[in-house]
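User: I am new to this model and would like a close look at one part of it. Please keep the answer connected and plain.
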Amino acid sequence: MSTISTKPANLRELRESGWVSKKVKREIYDNFMRMLSQGEELFPGIIGYDETVIPEINIGLIARHDLLFLGEKGQAKSRLMRLLVRFLDEEIPYLDLPGCPVHEDPYHPITRTARELAGTTPEEEIPIAWWPRSERYAERLAPGTKFADVIGEIDPAKLAGGMSMSAEEALHFGLIPRMHRGIFAINELPELDELVQVGLFNILEERDIQIRGYPIRFDIDVLILFSANPATYNR
């Protein structure tokens, strides 16, 4: 985990500090391996899974996979998912841009607005803020969840104002793109609408999102977690 005594406030100071950009799964891997090598308790408060569930989770984190927690109700699935936050860095820097829908990696922005700013503004004028790990986790219960909730939608108010459908600025981002560089969890996965499940394929397989078929794509960096019960898993 990187430790910076005085937090940089702009992009030039961040570069000079030596901060290193990492994908979220690499960040989790590095912190997990450090805690493992130091003999720290990895999943505090979890009892009875030392020989079964915990080793499988450990292998998944080392392999940098998305994870599915399959088990009956009351078996600590949600608690285990939430505990993965402890393997994130204490905080990470992001581009502090007004109206930006995601916490942009200062070195690798994914939205057009952030890329244009980075390409035309002196680094000492690009502000940096810090995102704590407690805010880098979002969870959603599958029943009733719509495509717009987790992936996004075209914003009708912006279209009414004359904005083109093919413009990034016309999009309303859902929870997954807003968790760019974080962790997103869906509880009771089999209860998720089939169309929304299909919408997750690109994110799981290609790491990009497409909103309503429009030719706008974002390279999303996110760890996705699911929970499910065996009785409904055939869905």
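In which helix is the place of Glu206?

Analyst: Glu206 lies in helix H9, which covers residues 194-206. Helices are DSSP runs of H or I with at least four residues, strands are runs of E with at least two, and both are numbered from the N terminus. The model is predicted, so local features need pLDDT of at least 70 and side-chain atom pairs count only at pLDDT 80 or more, while totals for chains, interfaces and linings use all residues. Residues are numbered from 1 along each chain as its sequence is written, and side-chain values use heavy atoms, with hydrogens and water left out.

Glu206 is exposed, because its relative accessible area is 52%. Exposed means over 50% relative accessible area, buried means under 20%, and partly exposed is in between, with a 1.4 Å probe and protein chains only.

For the setting, the protein chain has 9 helices and 10 strands. Of its 235 residues, 45% are buried. The chain exposes about 12,100 Å², of which carbon and sulfur atoms supply 51%; accessible areas come from the Shrake-Rupley method with a 1.4 Å probe, and for residues only the protein chains shown count as cover. Contact means heavy atoms within 4.5 Å. Among contacts between residues at least 6 apart in sequence, 76% join residues at least 24 apart.

Aromatic pairs are another feature. Rings of Phe, Tyr and Trp (its six-membered ring) pair if their centres lie within 6.5 Å; planes under 30 degrees apart count as stacked, over 60 as edge-to-face and the rest as tilted. The whole structure holds 3 such pairs. One of them joins Phe32 and Phe87 edge-to-face, at 5.5 Å centre to centre and 80° between the planes. This pair links distant parts of the chain, 55 residues apart: Phe32 is in helix H2, and Phe87 is in the loop between helix H4 (77-83) and strand S2 (91-95). Phe32 and Phe87 are both buried. Ring pairs link these two and Phe43 into a cluster.

Phe32 also takes part in a helix contact: with Ile28, Tyr29 and Met33 in H2, Phe32 meets Asn58, Leu61 and Ile62 in H3. The residues of this contact divide into 6 nonpolar, 1 polar and no charged. Here Ala, Val, Leu, Ile, Met, Phe, Trp, Tyr, Cys and Pro count as nonpolar, Asp, Glu, Lys and Arg as charged, and the others, Gly among them, as polar.
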